[in-house]
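Hello,

Here is the structure I promised to pass on. My notes follow below it.

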Amino acid sequence: MSAPCATPAPGASLPGTPMYDAAALRAIEVAALAHESDATTLMQRAGQAGWRTLLAHWPQARRIVVVCGPGNNGGDGYVLAAQAHASGREATVVRLDAQVPRTATAQAMAADFEAAGGRILRFEGALPAADVVVDAVFGIGLSRAPDAATTGLIDAINSTGVPVLALDTPSGLSGDRGSAPGAAVRATRTLQFLAPQLGLQTGNGPDHAGTLSLDALGVDAHCLADAQPQARRLCARDLAHWLRPRPRNAHKGSHGRVLCIGGDHGTGGAVLLAAGAALRAGAGLVEVATQGVHVSPLLARWPEAMVRRTDNVYALAGALEAADVIALGPGLGQGSWGHALFDETLDAASAAGTPLVLDADALNLLAARPRALPPGAVLTPHPGEAARLLGVETAAVQRDRPDAVRALATRWNAVVVLKGAGTLVCAPGGLPWLIAAGNPGMATGGMGDVLTGVIAALRAQGLDAEHAAACGALLHAVAGDTAARTAGERGLLPVDLIDALRACANPEVHA
């Protein structure tokens, strides 16, 4: 019988949008220059696109301050300033003495701006009064912390209190890694050029980039053919790629049996959330193994679940063998009970080849006592858990989230969901997926338990480990956004996501 969710066949088209790093963007630019454009034309298109974006979002702005750097990003800024000046606005370029234009095209654009009567000021600690500030200092051209003088310039941009439009990349932010090694512009809006950048949508990227838009600068798509993407971006509409209508003759056995293991004394809510999420995400049967004290509350909340009192590993007899997928970790604890269930579950899953989804304390136990995982395991760490699994500091994970998720997938030979702003999903040797959904209201205890249940349910319904993790992380994030639209982000609870899962898991009905 066909599964309600189906893993795409090899060679099938993939959902999502490719995302790139600075090296790939430079390769795209080289291809464009070789085939259809010259440097001056591309720079003029970039500056004009920036001016159109500024007009579209701040049409009443009369005083435009453009902060220009020494490279081609600065050249884009001079073109924008010239457009603003020609429209009758008060357009002023500000730059450091050490950052006069260095490329021939940027020098030409600066000369054109001055020849038209444009004003260029040296930065002396503060920016002129403005209605909008444009950041055209570095773009993708900086891969280190800014020097002291540039740090002062960036601080001045951030302290203006007016909207900031960044061209290509907020200066100081790594468009590759989603982190800032030093001072970085906090833009209201960022206009990307040529193709989307991965680092603007993960880690610190969203807080610095603001609202994103893209202009391909008229470059033909064939110029992207040889550029290597660094990830694929998934958004709400991509759910329909995996969550297809069920066959009319489907039954509960068609949709898999999930076993959720966890809930030591004092943490029964965690496994309750995982079980509820698995039910709402469409698992056919959900069984829960937990401490006896949690059986009645769990049945009161989810009478659809099959709950067994599991005071010791012997109480798991039969449950491990019957499960199609095992979700291990929510509320498991790191005491003797959690240790025993962790070891027994991994032994049984390895022997039978049962898919695993590991979260929370299961990840901490794995980090403390490393062991091989059965094929097709999914790990769902937050940055702190990821750091323990890699044996590094949390800051190292956040400094380069794309590298961290790839390293985790390789280290543990498992699909990894690295949670956080711009969640990343990666299979061993694969291309990461970026989840372009979710909100800060989801930063509260229990959200990860819901994610565990969702991924386990999708795995049970027929998706392979990578696609269950990618679709599950996306479904979880979209449910979070759906729930937040009702009453806002602050105070959002995991149960609110569970309530929203049903609608989000049926995109053919709620398109």
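This is a predicted model: local features need pLDDT of at least 70, side-chain atom pairs count only at pLDDT 80 or more; totals for chains, interfaces and linings use all residues.

The chain holds 18 helices and 18 strands.

Overall shape first. A compact globule of 511 residues would have a radius of gyration near 24 Å. The chain has 26 Å, which agrees. Along the principal axes, the C-alpha atoms fill a box of roughly 85 × 45 × 40 Å.

Of the 511 residues, 55% count as buried. Take the contacts with a separation of 6 or more: residues 24 or more positions apart account for 72% of them.

Now the surface and the charges. The chain carries 38 positive and 44 negative charges. Their mean positions lie 4 Å apart.

Then the interior. In soluble globular proteins, nonpolar side chains tend to be buried together. Here the largest nonpolar core has 64 residues. Cys260, Val288 and Val425 have the most contacts inside it. Helix α17, residues 465-487, gives the most to this core, with 13 residues.

Leaving out residues up to four places away in sequence, Val288 touches Leu259, Cys260, Val271, Ala275, Leu298, Ala305, Met306, Val307 and Arg308. Cys260, one of these partners, is also among the residues with the most contacts inside the largest core.

Best wishes

How values were computed: Residues are numbered from 1 along each chain as its sequence is written. Side-chain values use heavy atoms; hydrogens and water are left out. Helices (H or I, at least four residues) and strands (E, at least two) are DSSP runs, numbered from the N terminus. The radius of gyration is taken over C-alpha atoms; the globule rule is 2.2 Å times the number of residues to the power 0.38. Buried means under 20% relative accessible area, exposed over 50%, partly exposed in between (1.4 Å probe, protein chains only). Contact means heavy atoms within 4.5 Å. Lys and Arg count as positive and Asp and Glu as negative; His and the chain ends are not counted. The place of a charge is taken as NZ of Lys, CZ of Arg, CG of Asp or CD of Glu. A nonpolar core is a set of buried Ala, Val, Leu, Ile, Met, Phe, Trp, Tyr and Cys residues joined through side-chain atoms within 4.5 Å.
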